[in-house]
Amino acid sequence: MAVNRVPVLKRCRSLGIEPTVLGYDKKSKRELKRSNRKVSEYGLQLREKQKAKFIYGVLEKPFRNYYKKADKMQGQTGTNLMIMLETRLDNVLFRLGFARTRKEARQIVDHKHVLVNGKQVNIPSYLVKAGDTIEIKEKCKSSQRYKDILESTGGRMVPEWLEADPEALKGTVKELPTREVIDVPVNEVLIVELYSK
C-alpha cells in the first residue's frame with residue numbers, strides 16, 4: 001500500500017488546512033513562505049483535490065472512482081462526492097469520537113474491532129447507510145486504548161446526523177449527512193471542475 005511519509009503538520013501547512021480538522025491538537029509555528037506567485041486556476045483545483053484526499057486519507061485511484069460514482073448519482077456531483085467521503089466507515093468512527101484521528105480509525109477497522117449491524121467489517125472504505133449501528137467489539141471495549149481515546153475525544157462535537165453512546169462505544173447513523181453539516185474546508189466545486197476537463 002502507498003504510504004505518505006510527509007509529516008502531517010508540514011502537509012497541513014502546504015495545503016492550508018488547520019491540523020484540528022484531522023484530529024491533531026498540535027499547532028505549527030512556522031509560516032508558509034511562498035513567493036508572490038499567482039496560483040493558476042488548475043493549481044487551485046488541484047490543491048482542493050489534494051486537500052480532500054489528504055483529509056479523508058484516500059488515494060488517487062479510489063478517489064477517482066468515488067468521483068465517477070458521484071457523477072452517475074442524482075443531484076450535484078460535488079455534494080454527492082463529499083457525502084460519500086463523509087460516510088466512509090473510518091470517517092464515521094472518527095466522527096463518533098471512537099478514534100483520535102482518521103488514520104487511527106482506519107487502523108481500528110483494519111484490526112477487525114468494528115461491528116456494523118452486528119457483523120464484523122474490516123474495510124475502512126465501507127459506506128454506511130442511514131439506520132446502521134456501529135460498535136466496537138465486546139472483547140475490545142475494555143482495553144486501555146479505548147479508555148484513552150474517549151478521554152481525549154470527550155469534548156469533540158458529534159455531528160447531528162450521528163448519535164453516539166460513548167459509554168457503550170456504540171453509535172447510530174440517524175440519516176445521511178447533507179453538505180451543510182460537513183465541516184470540511186474543501187471547495188468541491190473546484191474538484192468537479194478539475195475532473196470534468
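The accessible surface of the chain, computed on a predicted model, comes to about 11500 Å², and carbon and sulfur atoms account for 51% of that area. Buried residues make up 44% of the 197 residues in the chain. The 40 positive and 25 negative charges have mean positions that lie 9 Å apart.

As to overall dimensions, the C-alpha trace spans about 55 × 45 × 30 Å along its principal axes. The radius of gyration of the chain is 17 Å, which agrees with a compact globule, because a globule of 197 residues would have a value near 16 Å.

The secondary structure consists of nine helices and five strands, arranged along the sequence as α-α-α-α-α-α-β-β-β-α-α-β-β-α. Of the contacts between residues at least 6 apart in sequence, 61% join residues at least 24 apart.

In soluble globular proteins, nonpolar side chains tend to be buried together. In this chain the largest nonpolar core has 26 residues, and those with the most contacts inside it are I55, Y56, F63 and L85.

A second, separate core of 23 residues includes A99, I136, W161 and V173. Returning to F63, and leaving aside residues up to four places away in sequence, this residue touches K49, A52, K53, V58, L81, L85, I191 and Y195.

Note on methods:
Residues are numbered from 1 along each chain as its sequence is written. This is a predicted model: local features need pLDDT of at least 70, side-chain atom pairs count only at pLDDT 80 or more; totals for chains, interfaces and linings use all residues. Side-chain values use heavy atoms; hydrogens and water are left out. Helices (H or I, at least four residues) and strands (E, at least two) are DSSP runs, numbered from the N terminus. The radius of gyration is taken over C-alpha atoms; the globule rule is 2.2 Å times the number of residues to the power 0.38. Buried means under 20% relative accessible area, exposed over 50%, partly exposed in between (1.4 Å probe, protein chains only). Contact means heavy atoms within 4.5 Å. Accessible areas come from the Shrake-Rupley method with a 1.4 Å probe; for residues, only the protein chains shown count as cover. Lys and Arg count as positive and Asp and Glu as negative; His and the chain ends are not counted. The place of a charge is taken as NZ of Lys, CZ of Arg, CG of Asp or CD of Glu. A nonpolar core is a set of buried Ala, Val, Leu, Ile, Met, Phe, Trp, Tyr and Cys residues joined through side-chain atoms within 4.5 Å.
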